[in-house]
Amino acid sequence: MSPSDLHCIAIWYLCFLGLVGACGISVLWNLIRVHLFIQTCSDSETDNGRKQGSSSAGRSPIKHWRTAFQFWCLTVLLSLMGLRVSSLIVLEFSLRAVSSWITAGPDAPGRGPQLLLIQCQFSLGCALTCIVVFLQQGAPHRSLSLLLAAGLSWALAGICHSLWSHVASFYPLHSRERYCGKCITLLTSGYTILASLQRAVVWAFAIASVASIAIVYDHFLSQKDALKFWTPLTLCYTMLLVNMQEEQHRQAATEALLHSVVVRLGGLLVLVLMVGHWSDALHVLISFLGEAVCLLPSQDLLQAVLKTLEQQRPPSVPSSCIPFAS
């Protein structure tokens, strides 16, 4: 093959990698919306659920365009993300999730898993790309297997998007009339969506962490003196995460979310400037855009989750003391 042919194959390979990650984010995003919509309809004693379903259906053309634009933006951004920085983002999010769980405790007030699921969207896309690359190392037919993975991811994302569109338009009516198989199934077992999502995300990050450690070892720690830099930097970054947890206990949820993104990616930028290349710094800047594309359209999800947690919070706990997952 000529160099131009190899270059085209490499570009298509990266595009399909980005597609796999974007499909994973789309599945997570749609299923969270399905869960929250069902929960809202179940908890409401008025017609608020029906009104929400009607308004969602009425805004469907605009929201469909915005969703498609978000999906393809994520595909492009994940395609541009370097494997080195993607692995660091996966390890950073895993460390942040574990430190948040340890400092706040698994049963702390307001520790809803929905918050962490909303925040992990772009990190999940990076995790899926790392898993695919790691599993395909040494495979004789990498392009074919990646094409198959992209096709399956596309089909699963399409099913989840279709499910959310159906639920947003017809669930309040169908759940009341009980003549739709999808809505009846969601009515009887929809409460398991959140637990299933949480388990799937935990498994994804567990596998991705193994893949990321191998990638980091190959690209960074194999250098002779790299360990001298990584040891103090990792310790300092862990202390930064713990301190960030304490600071966000005194901040509003949305403010804490934006502060978390800026601080952790800023720390990651300093890290790659010290032990990486200039391209790694560019990829960290791309990850800022990726986080924005994921989180800005999810503000309504965040507000819905915080409202639910506020209703579940004991009256003796002031709202300013609710820890925010970061």
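Okay, a definition before anything else: helix axes here are lines fitted to C-alpha atoms over the stretch in contact, and angles run from 0 to 180 degrees between N-to-C directions. Helices themselves are DSSP runs of H or I, at least four residues, numbered from the N terminus.

Bear in mind that this is a predicted model, where local features need pLDDT of at least 70, side-chain atom pairs count only at pLDDT 80 or more, and totals for chains, interfaces and linings use all residues. Residues are numbered from 1 along each chain as its sequence is written, and side-chain values use heavy atoms, with hydrogens and water left out.

Helix α6, residues 121-135, packs on helix α12, residues 278-295, at about 125 degrees, and the axes are 8 Å apart. That makes the two oblique to each other, the label for whatever is left once you take out under 35 degrees (roughly parallel), over 145 (roughly antiparallel) and 65 to 115 (roughly perpendicular). On the α6 side the contact (heavy atoms within 4.5 Å) uses Q121, F122 and S123, and on the α12 side S287, G290, E291, C294 and L295. By class that's 3 nonpolar, 4 polar and 1 charged, with Ala, Val, Leu, Ile, Met, Phe, Trp, Tyr, Cys and Pro as nonpolar, Asp, Glu, Lys and Arg as charged, and the others, Gly among them, as polar.

Now look at E291, in helix α12. Is E291 buried or exposed? At 2% relative accessibility, E291 is buried (under 20% relative accessible area; exposed is over 50%, partly exposed in between, with a 1.4 Å probe and protein chains only). Leaving out residues up to four places away in sequence, E291 touches Q119, F122, S123, V261, R264 and L265.

F122 shows up again in the largest nonpolar core, a set of 74 residues, as one of those touching the most other members, along with L28, I32, V34, L186 and F205. A core here is buried Ala, Val, Leu, Ile, Met, Phe, Trp, Tyr and Cys residues joined through side-chain atoms within 4.5 Å. Helix α1, residues 3-43, gives the most to this core, with 16 residues.
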